[in-house]
Amino acid sequence: MLRRVNFYSICIAFGLSVLLILAGSRYTDNTNYRPSSENRRNIKNIQKVEDGEELLQPLPTNADDGSPDIEKIIEKTRSKIKFELWNYNYTASGVNNLENLLMESGGRPIRSLIISTWRSGTTFLGEILNAMPGNFYHYEPLLKYEIIQIRGPPHADKALKTIKNMLKCKFDGMEDYFEYGKGHLHQFSHNGRLWDHCKYKKELCFDSEFTARFCKQFPFQSMKVVRVRLRLIQEILQDKELNVKVILLIRDPRGVMQSRQHRNFCQPAPDCWQPELLCADMISDYVAAGRLLNQYPDRLMVLRYEDLALNPNATTYKLFKFLGLSVTSSVTEFLRSHTSVEVAGVSSTFRVSRDVPFRWKNVLKFDYVEDIQITCKEAMSLWGYKMAHNASHMLSKDFYPLEEYSLVQ
Ligand SMILES: *[C@@H]1O[C@H](CO)[C@@H](O)[C@H](O)[C@H]1NC(C)=O
Ligand SMILES: *[C@@H]1O[C@H](CO)[C@@H](O)[C@H](O)[C@H]1NC(C)=O
Ligand SMILES: *[C@@H]1O[C@H](CO)[C@@H](O)[C@H](O)[C@H]1NC(C)=O
């Protein structure tokens with residue numbers, strides 16, 4: 001008993017001293033740049049960044065040539081991650097301590113990969129995962145392919161290689177990726193913990209060596225991909241070194257198409273604009289999911305966006321258990337602040353209320369819904385989405401679009 005009390009007092013004392021050191025450095029170290037706390041990053045902060053207010057803080061630089069002091073950034077990031085995870089329960093992640101999850105210490109991070117398609121709720125799901133302290137969000141590594149789906153040759157090999165490299169924090173030989181990012185900074189800015197540094201000096205984000213070193217400091221690594229179908233992901237599941245867990249995120253094609261109407265990138269691209277292509281992919285994903293779940297029962301989880309949006313808390317707990325993550329207070333805080341009241345969306349974060357998944361019912365004309373339903377009959381029946389019979393049925397309270405579905409044959 002005494003021993004346990006001692007243990008806890010040591011833990012508390014350690015926590016307090018880390019807190020004091022950090023608090024101290026906050027006030028004495030005023031000339032140095034300090035990244036803003038992800039925990040407190042919220043709509044206000046995003047606005048601030050857009051207004052350029054935070055740009056006033058200087059980046060640590062070398063005295064001799066004025067270049068960013070990479071050693072200092074790495075060092076500060078290391079202590080910040082340690083501090084933010086000081087009371088994290090590593091048992092949930094199957095290891096003893098933080099170092100076991102750090103590539104820079106020879107450990108293996110917890111890696112997750114969201115496979116989905118445009119406008120299927122990946123922003124919301126991606127940000128739930130990114131609410132974990134110590135998470136490196138690879139965002140979408142395949143932006144440079146623009147609006148196409150990759151289902152096989154000619155792009156599959158290269159795209160899969162890119163995904164694998166990035167999940168291993170290998171950024172050499174990725175010139176295309178960095179080149180594309182120079183003209184499309186959102187490729188980096190969704191990775192807030194990286195962007196915290198690049199926003200002061202964009203060149204850091206184009207620097208493969210820095211990116212690799214920085215990446216290897218993070219115990220949790222997440223990625224979302226909306227341009228590769230699940231069938232091809234087998235190759236990534238096979239990679240034992242990666243040990244990645246995959247989440248397939250599916251959404252009602254009527255909701256997807258409604259949401260895509262508001263995106264001007266979509267219309268000219270058949271893979272984005274034609275329901276028959278979307279729904280053929282949903283069938284292909286269904287078949288692949290059944291097969292891969294047999295082969296890798298612990299490494300694939302299938303999720304419908306509607307189930308997540310209607311039950312964010314329970315679904316998040318289930319998802320984190322599957323990934324081997326302990327739900328932290330920053331995650332519950334994210335859910336609390338993003339799933340309650342509806343507000344006009346600022347930036348890309350939005351509130352998911354119970355109405356969001358079924359908004360299409362009130363927005364789409366029944367003729368268009370009927371077209372989608374005819375085209376998507378099979379995909380919808382496999383994934384448990386019910387048909388609306390006519391315009392009044394679609395709008396009536398009695399029509400609940402979801403039913404159970406099953407992936408076991
Ligand atoms: C850590 O998590 C494990 C399993 O997830 C649990 O059994 C254990 O009680 C937890 N430890 C603490 C200190 O909360
Ligand atoms: C969220 O779900 C977990 C696990 O099911 C539960 O323990 C917790 O009380 C829930 N929290 C809220 C706010 O509903
Ligand atoms: C619409 O569909 C509902 C449910 O199938 C049916 O009861 C109703 O008669 C239909 N209304 C019209 C106008 O066809």
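I began with threonine 316, whose side chain reaches the backbone oxygen of proline 312 at 2.6 Å, a polar contact being a pair of N or O atoms within 3.5 Å where, within protein, one must be able to donate a hydrogen and the other to accept it, and residues adjacent in sequence count only if both atoms are side-chain atoms. I note that this is a predicted model, in which local features need pLDDT of at least 70, side-chain atom pairs count only at pLDDT 80 or more, and totals for chains, interfaces and linings use all residues. Residues are numbered from 1 along each chain as its sequence is written, ligands are numbered from 1 in the order in which they are written, and side-chain values use heavy atoms, with hydrogens and water left out.

I then looked up the burial of threonine 316, which counts as buried because its relative accessibility is 0%, the cut-off being under 20% relative accessible area with a 1.4 Å probe and protein chains only. Not counting residues up to four places away in sequence, threonine 316 touches Ile128, Leu308, Val331 and Leu335, where contact means heavy atoms within 4.5 Å.

Next I turned to ligand 3, around which I found His389, Asn390 and His393, taking as near any residue with a heavy atom within 4 Å. An oxygen atom of ligand 3 lies 2.3 Å from an N or O atom in the side chain of asparagine 390, and for the side chain of histidine 389 I noted 2.7 Å from an N or O atom to an oxygen atom of ligand 3.

Conventions. Buried means under 20% relative accessible area, exposed over 50%, partly exposed in between (1.4 Å probe, protein chains only).
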